Amino acid sequence: MKKETVAITGMSCASCVSRVETGLKKKAGVMDVKVNLALENAVVEYDETLFSKQEIVETIKDSGYGAVQADTGSVDREKEIRRKEIEKLKRSFLLSALLSLPLILAMLSGLLKIALQFLHNPWFQLALATPVQFIIGRRFYKNAYHSLKAKSPGMDVLVAMGTSAAYFFSIYNGFFKTLPAGAHPELYFEASAIIITLILLGKYLEAAAKGKTSEAIKKLIGLQPKMARVVRQGKELDIPIENVVVGDKIQVRPGEKIAVDGTVVTGNSAVDESMLTGESLPVEKLPGDTVIGGTINKNGLLVFTAAKVGKDTLLAQIIKVVEEAQASKAPIQELADKVAGIFVPVVLLIAAVTFLTWMFLLGNTTMAIIAAVSVLVIACPCALGLATPTAIMVGTGKGAEKGILIKSGESLERAFKIDAVVLDKTGTITKGKPQVTDILPAPGVSSEDLLFWAASAEKGSEHPLAQALVLKAQELSIHLTQPGEFSAVPGKGVSAVVGEKAVLVGTQNFMKQNDINVAAAAAARDLEADGKTVMYAAFDGALAGIIAVADTVKEDSAAAIRELRSLGIEVFMMTGDNRRTAEAIGRQVGIKQDHILAQVLPEHKAAEVKKLQDKGFVVAMVGDGINDAPALAAADIGAAMGTGTDIAIETGDITLMNGSLKTLITAIRLSKKTIAKIKQNLFWAFIYNAIGIPFAAFGLLSPIIAGAAMAFSSVSVVSNSLSLKRFK
């Protein structure tokens with residue numbers, strides 16, 4: 001199975017989308033088609049043994065549109081296509097406006113009873129209106145022909161029929177109709193010309209506005225560096241980014257962009273990762289730390305080894321996710337698509353009934369033409385087609401700016417319904433790294449001495465608790481010594497000789513096995529009640545003190561959980577830890593005791609999510625995307641805490657790049673705001689037609705006003721979606 005993205009030119013409304021989708025879905029081997037009016041592209045999933053990318057392009061062209069194969073991650077070609085289309089629309093509008101201006105003056109002079117006879121000459125008006133109708137307006141006839149051929153009439157059919165009716169009715173009145181002596185013919189050339197001019201203006205403004213909806217993806221693509229400074233055989237070489245290979249040593253000076261993903265070898269600096277994570281503070285980088293391509297080195301010289309290049313870099317993956325999300329459809333769009341499928345035939349029927357009613361029941365031929373033309377022109381499914389995709393484009397783009405990767409329109413729509421959040425404890429609520437929280441030395445022993453001897457003894461261990469001791473000593477600038485006679489007893493502790501002291505560090509049972517009296521360590525019970533792990537230390541056969549280690553809560557977890565609850569969302573915590581430890585963490589962050597799911601094995605996490613769903617909750621599961629993968633997949637929304645890992649991006653419906661629960665709240669609020677915009681767009685698109693068509697049918701709207709209203713309906717929808725860019 002293969003997936004191709006194809007850029008499409010010439011689409012004007014939701015009916016065009018339906019026509020392209022229908023044409024492609026009929027082909028053998030095509031599994032799925034998503035056509036996006038706002039992005040002007042099609043994402044086609046197909047069996048390459050039965051269908052080819054060249055056939056995709058040919059099928060789209062057979063439907064009456066232009067098609068160019070697009071490369072994911074490269075907007076240059078699509079940008080050029082869009083720029084040319086905007087320029088073409090601009091030129092067509094200006095020429096059409098120039099030719100229509102005398103016709104407007106003729107209309108105004110007639111209304112104001114100003115004698116400018118040459119402006120009312122039928123031959124003069126015909127000479128101005130004809131190029132507008134058939135040269136500038138050729139696009140409408142061409143698209144109308146193809147849509148009728150495909151049995152899927154769209155906006156172009158309405159425009160072609162409406163303007164043609166006004167144009168040919170004017171020819172009949174001006175050159176064939178018998179008039180009383182001294183009477184002037186009723187000409188409507190200005191109606192046909194001005195309608196085309198206004199529609200072109202609307203299309204030009206719409207195209208320019210649609211370009212702004214994809215600014216976020218352009219910014220992400222703009223982050224990709226063009227060159228990299230590699231060190232090969234001792235020489236510095238500036239080479240194109242495409243030529244970097246895994247294993248290359250790359251040098252980055254202050255102020256430069258990091259070329260690709262890699263691991264720091266030498267140097268230290270602060271790196272601005274804000275465009276990927278939404279986090280404004282630079283991140284300190286030391287040897288062994290990971291750096292991400294596209295981020296900016298702020299103040300130190302770094303040399304790193306390239307680990308991921310090309311499409312494998314994190315930035316390339318993010319761009320791919322955002323592009324696919326913007327091209328996707330939300331379920332709410334299905335209603336608009338269904339309406340658009342029958343919209344134009346219904347409008348044609350209404351226009352026919354309007355014409356026949358005015359013509360035969362009311363006996364007014366002129367009003368029959370005018371009212372029917374107004375009905376044809378004011379009814380436009382463009383706004384329906386743009387209502388959902390433009391809002392999704394802006395919403396997903398805004399999310400990417402805030403460090404939130406939303407995989408699809410469906411995920412964005414589901415997120416606003418969330419009423420229960422299940423939080424994995426380790427790495428989500430807590431930092432995921434044990435830290436020393438308490439140092440309680442025995443009488444006659446200082447805190448520094450206790451930490452020095454214990455951390456030195458643990459220096460040879462790779463256990464996370466041992467590393468927590470060593471890290472704490474480093475933070476306090478305590479210089480450790482290498483232990484001798486080191487021995488580790490799994491699950492219990494270590495013994496070593498540090499200097500001339502025999503040192504034991506481990507559990508209470510480990511101390512008892514070595515005949516160490518721990519009766520004096522009553523404080524250990526209070527520490528364990530708080531969910532902390534207590535390590536005992538003994539020097540030369542006597543208890544020297546206790547050190548408590550815990551996986552500490554992230555600074556913003558408690559505030560984020562309070563905020564989630566204020567939104568009416570039930571918050572649950574799930575962990576494999578024992579009940580006592582889990583409840584201690586729950587108390588710190590404000591999670592109800594009966595909402596704590598403790599001692600849950602990774603393979604049982606999905607079942608716990610299912611239990612909540614069975615109770616009627618719409619559940620979001622938040623985890624690190626590794627051992628939480630089944631639960632993330634089972635939840636209505638899987639939100640992966642983005643350490644930036646590939647699996648986090650692959651697993652979750654939403655990836656929170658900076659690993660903060662605050663970002664989840666932003667994602668939920670962004671979802672609510674985006675869905676609100678979509679509903680507003682659909683409401684106004686429906687209401688606009690529901691009110692406008694009857695007014696036009698009753699003869700209360702002139703064709704020119706109807707044309708203006710139609711032209712600007714889609715502009716207003718796109719503008720409303722663009723207002724999402726102000727979301728904070």
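Which handedness, left or right, does the crossing of α4 and α6 have? The crossing is left-handed (the near helix is turned anticlockwise from the far one by less than a right angle).

This is a predicted model, where local features need pLDDT of at least 70, side-chain atom pairs count only at pLDDT 80 or more, and totals for chains, interfaces and linings use all residues. Residues are numbered from 1 along each chain as its sequence is written, and side-chain values use heavy atoms, without hydrogens and water.

The protein chain has 26 helices and 26 strands (DSSP runs numbered from the N terminus: H or I of at least four residues, E of at least two). Its C-alpha trace spans about 130 × 65 × 55 Å along the principal axes.

Back to the helix pair. The axes of α4 (residues 122-136) and α6 (residues 155-176) come within 11 Å and cross at roughly 160 degrees (lines fitted to C-alpha atoms over the stretch in contact; angles run from 0 to 180 degrees between N-to-C directions). That makes α4 roughly antiparallel to α6 (an angle over 145 degrees). In α4, the residues that meet α6 include Trp 123, Leu 126 and Phe 134; in α6, Tyr 167, Phe 168 and Ile 171 are among the partners (contact means heavy atoms within 4.5 Å).

Now the sheet. Three strands form an open, antiparallel sheet in the order β10-β9-β12 (pairing needs at least two DSSP bridges). β10 (283-285) and β12 (296-297) stand at the edges with a single partner strand each, so one side of each lacks a neighbour in the sheet. β9 (residues 269-272) pairs with β12 over two bridges. Val 271 has Asn 297 in β12 as its bridge partner.

How values were computed. Angles under 35 degrees count as roughly parallel, over 145 as roughly antiparallel, 65 to 115 as roughly perpendicular and the rest as oblique.
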